[in-house]
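Good morning, and thank you for coming. I shall present one structure today, beginning with a term that we will need and then turning to the ligand and to the backbone.

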Amino acid sequence: MIVLGIESTAHTFGIGVIKEKKILVNKRDLFTTEEGGMVPAEVADHHVDVCDGLLKKALIEAKINMNDVDLIAFSQGPGIGHCLKVGAFFARALSLKYDKPIVGVNHCVAHLELGSMLFDCKDSVLLYVSGANTQVIAYAGGTYRIFGETLDMGVGNFIDAFARYLGLGFPGGPKIEKLASKTKEFVKLPYSVKGMDVSVGGMLTNMKRKYSSGVSKEVLCYSVQETLFAMLVEVAERALAHCGKKGLVLGGGVACNKRLQEMCKIMCIERGATLYVPPNDVLVDNAVMIAWLGLQKFSAQGRGDAYNSLKIRPYERTDDVKVGWK
Ligand code: ATP
Ligand code: FE2
């Protein structure tokens, strides 16, 4: 089956096409700023501007036309309402115009399921670290269970907030990583693991204070990475031990960070577990993962979703999703 995926939960508008497990194309257009963050209505305007052009390019690159597509899948939630509506509307219009079945999928579960498209990693814990989300998840008893998560802000949004403060623009993660690589000088920042959860509250104020008193950008970037990632590795390791799982799969944009990957690798080697790291272009928000989850949902249901069930779900949680395909 050929599946067209559409992603529009936040900053990224994406079109991906897969044929079973083969990626035919993965196109993305990212809303970025030189400084300042995202204004929902502006991001949605961006998605409206790029959607049809990106689809045309994707079809040409995949060497198919809309008639070859067997299924359309789109991100139904969670995310920014303005942005989700653009994707939902675009997907539904294409479904009606070309008479194709359509399914809506959960964006976070799509990040998690991507591992199963790329690796044989059934018995794994997932460390999902993106902009809005920071969760340690394992599949158990018919659903994805969240073993630990951030108590306040997602690690990506936190890093972006600090980057914004430094005037580095959006997305901040890659810029922070670059600055961090310039030093190994560490300053102590609040390290906050509570049971299986992490918290970043208070860290930004602490960093701002240190910056005003003369600590360099580089030292702060290095220290924030070391501190945040150590917190994540600690809870991921505890989840591996608790669940008795043998693999760790990374997901989400922050997992592109080489230092986070390295720290996870060290922990996995020490525990005799395997680390699975998808390539960067499918770690960040992308529509290939949406197409892949759509294919599994469609195969399990044996049909597309009814049109009256396609409303966006801005607040849908990972553990709300009924997993019928495993
Ligand atoms: P969600 O999946 O929660 O909806 P999202 O839509 O913001 O989140 P992604 O595209 O998965 O997510 O991740 C974007 C985040 O990843 C941004 O916060 C960005 O700064 C961060 N990021 C990207 N590359 C890196 C990097 N090399 N190091 C650290 N963070 C990074
Ligand atoms: Fe995401």
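By a helix I mean a DSSP run of H or I with at least four residues, and helices are numbered from the N terminus. Please keep in mind that this is a predicted model.

Let us begin with the ligand. Which helices each supply at least two residues of the shell around ligand 1? They are α3, covering 107–118, α4, covering 155–165, and α5, covering 173–180. Of these, α5 gives the largest share of the shell, with 3 residues.

The shell can also be described by domain. At least three of its residues come from domain 1, which spans 2–110 + 283–320, and at least three from domain 2, which spans 121–281.

Which of the 22 residues around ligand 1 come nearest? These are Y128, S130, N133, D160 and D285. Two of these names return when we look at individual atoms. In the side chain of S130, an N or O atom is 2.5 Å from an oxygen atom of ligand 1. For N133, the corresponding distance from a side-chain N or O atom to an oxygen atom of the ligand is 2.6 Å. The backbone takes part as well: a polar backbone atom of V254 is 3.4 Å from an oxygen atom of ligand 1. Taken alone, ligand 1 exposes 640 Å², and the protein buries 93% of that area. The space that ligand 1 takes is the largest pocket.

I turn now to the backbone. As a general rule, most peptide bonds are trans, and most residues other than glycine have a negative phi.

Where do we find cis peptide bonds here? One joins G77 and P78, with omega about -10°. P78 is placed in the loop between β4, at 71–77, and α2, at 81–98. Another cis bond runs from F170 to P171, and its omega is near 0°. P171 lies in the loop between α4 and α5, two helices that also supply residues to the shell around ligand 1.

Finally, consider K63. This residue is not a glycine, yet its phi is positive, near 60°. K63 belongs to the loop between α1, at 40–62, and β4.

Conventions: Residues numbered from 1 in each chain as written. Chains lettered and ligands numbered in written order. Predicted model: local features only at pLDDT ≥ 70, side-chain atom pairs only at ≥ 80, totals over all residues. Heavy atoms only, no water. Near = heavy atom within 4 Å. Polar contact = N/O pair within 3.5 Å; in protein donor to acceptor, adjacent residues only side chain to side chain. Areas by Shrake-Rupley, 256 points an atom, 1.4 Å probe, with all protein chains shown as cover. 1 Å grid on protein atoms, 1.4 Å probe; cavity = no way out; pocket = protein on both sides within 12 Å on 5 of 7 lines; lining within 4 Å. Sits in = over half its atoms within 2 Å of the grid points. Domains from an automatic or database assignment.
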